[in-house]
Amino acid sequence: MKLVTFYATGLKWQAKKVYTDFYLCSNDSTVPTVEMISFTGFREHVEEFKRLIIENNTASIYTSWGRTKKVKFRGDYRFVTETFGDYDHAIAVGERINHLNAKYPIVMISASESPPQKIFKILKNKFTIPLSERWTNTLFNELLKENKIIELQAYFSEESPLRGTTFYEIRLTEEELTKIVTQKVKNGTFFIKGDLTFDPHNINLTEYVKKHAHVFVEKLEQTIRPLHNPLTDKVHPLANSLKRKAFEAQAHVITAVAKALKRKNSVIIVGEMGSGKTFMSAAVPYVHSEGKPYRALIMCPAHLIEKWEREIKNTVPDAKVYILNSWKDVLKLKMGTPREGYEYYVISKDKAKLHYNEKPAVVEQKHLKRLICPVCGSIIMTKENKPADNSYFETHTLANHKCRVCKTKLWQADNQKFRRYAVSEYIKRHLKRYFDYFIADEVHELKGGDTAQGNTFGILSSSAKKTIVLTGTLLGGYASDIFYILYRLAPEEMKKAGFKYQDELKFTEKYGAVETIITEPDGESGQHNKSSKGWKKNTRKRKLPVISPQIFADFLLDKTVFIQLADLKQELPEYKEYVDIIKPDPELKAAYNKLADELKSVLNPYDGMRNLATYLMTLLRYPDHPFSNEPIDTLSHQIIPTKLPDRYIYAKEQKLLNYVLSETQRNRRVFIYVHFTGKKDITWRLEMLLNKVGIKTTVLKAAVPPEKREQWLAQKVKEGYKCIISNFDLVKTGLDLYDFPTLIFYETGYSTYTLRQAAKRSWRIGQTKPVKVIFMVYKNTLQYDALALMGNKLESAMNIEGQFSEDGLRALADSDNILIELAKSVTAELKSEISLENIWEQIDSTSEISVEETIKTADQYIKPVSTILTPLYFKTVKIKDKKNKSEIQQLAIDFETLV
């Protein structure tokens with residue numbers, strides 16, 4: 001064994017020692033980096049050495065003849081520690097050891113394994129280029145020759161159990177491997193058996209897949225055996241004994257999920273809005289438990305609690321439902337108490353997360369001017385390796401969350417502030433495995449990595465025996481959308497795949513796309529390096545909405561069930577989506593263009609998101625509210641949007657009035673979605689206009705508690721309201737708008753999740769009227785661009801759910817971040833092929849019809865509102881068109897008659 005000396009942090013004068021029987025270094029600099037080391041010594045010395053490794057410091061190893069070898073530690077390490085009396089033995093494993101997702105992984109090969117075969121297997125898993133097993137030895141020797149794989153030298157003592165193990169560093173990229181393989185194929189070293197049956201230069205991917213579809217089907221049937229095949233397998237008998245009869249497809253989903261839970265601890269149900277996710281998931285525990293007593297915990301949005309209670313009681317025989325309103329209700333639950341039949345506990349995701357305030361738990365040694373850990377007594381050090389002071393704990397961060405040595409949490413409850421305890425935390429500590437099932441509704445809203453709701457989902461999932469998650473929109477267009485969901489459902493699978501909890505970007509690089517932007521100094525801008533010749537460059541990365549189908553094979557295939565409304569084989573009314581592209585009024589168009597030009601002059605789509613959102617939100621809102629807009633501060637000056645008269649009824653408002661009048665005359669209630677509420681509210685104006693033309697209208701505001709919104713809507717229908725206006729975020733999940741078969745997106749926002757959820761609120765089983773969804777946008781504005789981009793991304797997200805189209809496949813490759821794309825549209829860089837007309841069915845202009853007739857398209861009815869309304873509240877005014885030197889007539893609100 002060899003002696004290792006090092007200095008403890010903060011004690012530079014006192015050397016400490018451990019002994020090593022094995023260590024592996026990579027020679028990437030003058031000071032070798034330790035990739036793996038086995039060491040032993042006194043317990044306190046081993047702990048200090050582990051701390052040195054974590055902090056990436058240096059140490060000295062005594063070699064033969066009294067010489068020393070200086071080594072360093074870099075990156076993250078995993079530790080395995082065992083105790084023998086007064087001594088500890090530990091192994092530190094670097095992040096590159098057997099981590100295939102590392103840029104240059106290090107492969108550990110035992111004495112019984114063949115290096116060429118092991119390296120070949122890893123290359124096939126790490127890279128996408130096709131490789132033949134016949135090339136194994138030749139490829140291995142070629143990569144050794146080219147120094148693309150390097151055998152690392154390791155030290156082993158005579159007694160080391162690792163003796164005989166070899167280590168290879170793979171310093172190879174996809175492009176380099178492709179170049180090597182291509183060259184060997186061309187010169188005949190690598191031989192490919194068989195002949196091409198197509199011209200590779202005149203065929204695209206879609207044509208290739210169609211041509212060889214039968215081959216893919218045969219291969220899939222040979223390699224993939226469904227756990228439950230609805231075509232051949234029968235449904236579970238208990239699925240037919242529910243209080244409410246399930247549709248055949250729903251019964252198969254219930255059976256499939258129950259089967260999956262026999263093998264897996266978690267299952268995802270992706271169901272189209274209205275397919276009965278609540279009903280199916282409530283029935284799964286009943287079927288999976290084979291009728292035995294159980295406990296199920298359900299976490300859902302607050303406004304769905306009553307719906308869940310109703311669905312459970314109407315579905316599961318003799319079910320008992322308990323609503324958990326606070327942590328006090330959870331205190332009544334005791335471990336060890338027998339189950340009383342089929343118990344369901346429902347809690348809102350908001351109440352499950354609420355926790356106490358915290359304060360630092362460190363011990364302050366004022367005479368030494370330092371802070372120490374209350375458990376191990378080690379000095380708290382900053383990232384700069386300096387003793388921390390009280391300012392280091394002003395906010396709770398990842399850096400000061402735990403002690404670096406003993407991993408003890410450095411924060412505690414603050415008893416001087418509001419006292420409460422998170423329900424999820426209590427369940428984790430005191431009711432572990434108390435619940436047999438945990439059901440998380442609308443799980444796409446819990447996808448955040450460091451959000452309170454996301455962490456609550458992870459805690460409750462790990463505390464229950466089985467987890468079922470529900471969503472209607474699994475993806476929003478980005479691979480990272482499901483990273484943390486997968487990590488909380490199956491952490492071991494993610495770790496096995498080489499991903500740590502912080503590896504969202506690495507996950508996106510493998511299953512999506514990441515754009516690297518390098519900003520170089522231009523002209524007199526930029527900064528010069530202080531200690532070398534050269535100019536500083538700014539490099540940053542951002543995710544792109546690209547999703548590889550490989551994500552389905554690697555993580556979703558064995559734990560996801562998809563169901564669509566069409567699978568239920570029920571007679572559903574017609575569902576139609578239209579886009580009404582409206583030509584703006586001349587003065588509005590001129591004012592908008594002026595504002596857009598001014599913002600264009602200060603907008604840089606690649607200059608971060610600091611001011612970008614403000615600029616774009618202004619352009620999205622301005623056409624719908626071209627008055628009383630606040631000035632916009634830029635780095636150089638202030639932009640003041642043109643204030644247009646608020647007495648006019650503008651083109652989009654007139655179209656909306658025409659729509660609502662037509663629909664309500666045909667006994668169809670209308671629900672209007674808007675984006676801008678709150679501080680920049682536009683609902684008051686729409687409500688006023690609709691009420692003044694005789695349409696009883698009100699606004700659903702955020703002040704209505706989520707759990708009361710279903711009841712609130714039902715009451716408004718009873719009171720005779722024909723039209724409701726609301727922000728789509730208030731009704732996008734859970735609420736069924738059966739009474740509103742016409743949905744109008746007066747504004748759309750830019751969230752694909754929200755649009756998908758809100759658009760299907762009326763179209764579900766039980767709806768008797770045809771459902772019409774209308775998107776209203778002004779032509780040649782940012783509203784048009786936003787809807788076009790979202791349409792492209794809707795296709796992208798739906799591909800992973802099995803709904804493919806050629807447009808969607810193009811969207812996988814061509815789409816970009818919506819805010820960035822909108823910025824590009826302002827700067828005239830938006831891709832011309834992204835067209836709203838190609839995504840949704842456009843409403844064409846035809847001859848005029850009377851309001852009593854059926855309006856099939858928006859532009860069919862273009863009569864001025866004054867021709868069909870009592871002119872009591874409106875008047876026609878003349879406006880001078882300075883550009884064309886003419887006068888035009890404009891309908892305006894007559895405020896004098898309203899007083």
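Mentor: Buried means under 20% relative accessible area, exposed over 50%, and partly exposed in between (1.4 Å probe, protein chains only). This is a predicted model, where local features need pLDDT of at least 70, side-chain atom pairs count only at pLDDT 80 or more, and totals for chains, interfaces and linings use all residues. Residues are numbered from 1 along each chain as its sequence is written, and side-chain values use heavy atoms, without hydrogens and water.

Start at aspartate 441. Its relative accessible area is 6%, so aspartate 441 is buried. It lies in the loop that links E20 with helix H13 (452–463). Helices (H or I, at least four residues) and strands (E, at least two) are DSSP runs, numbered from the N terminus. Now look along the chain to glycine 472, 31 residues from aspartate 441. The C-alpha atoms of these two residues are 9.7 Å apart.

Next, step back across strand E20 (437–440). The loop between helix H12 (423–430) and this strand holds arginine 433. Arginine 433 has a relative accessible area of 39%, so this residue is partly exposed. Arg433 also belongs to a positive surface patch, with Lys402, Lys407, Lys428 and Lys432. Patch residues have over 30% relative accessible area and no salt bridge, and like charges are joined within 9 Å. A salt bridge here is a Lys or Arg side-chain nitrogen within 4 Å of an Asp or Glu carboxyl oxygen. Charges are placed at NZ of Lys and CZ of Arg.

To recap: aspartate 441 is buried, while arginine 433 is partly exposed.

Conventions: Patch = residues over 30% accessible without salt bridge, like charges linked within 9 Å, V, L, I, M, F, W, Y side chains within 5 Å. Areas by Shrake-Rupley, 256 points an atom, 1.4 Å probe, with all protein chains shown as cover. Lys, Arg positive; Asp, Glu negative; His and termini not counted.
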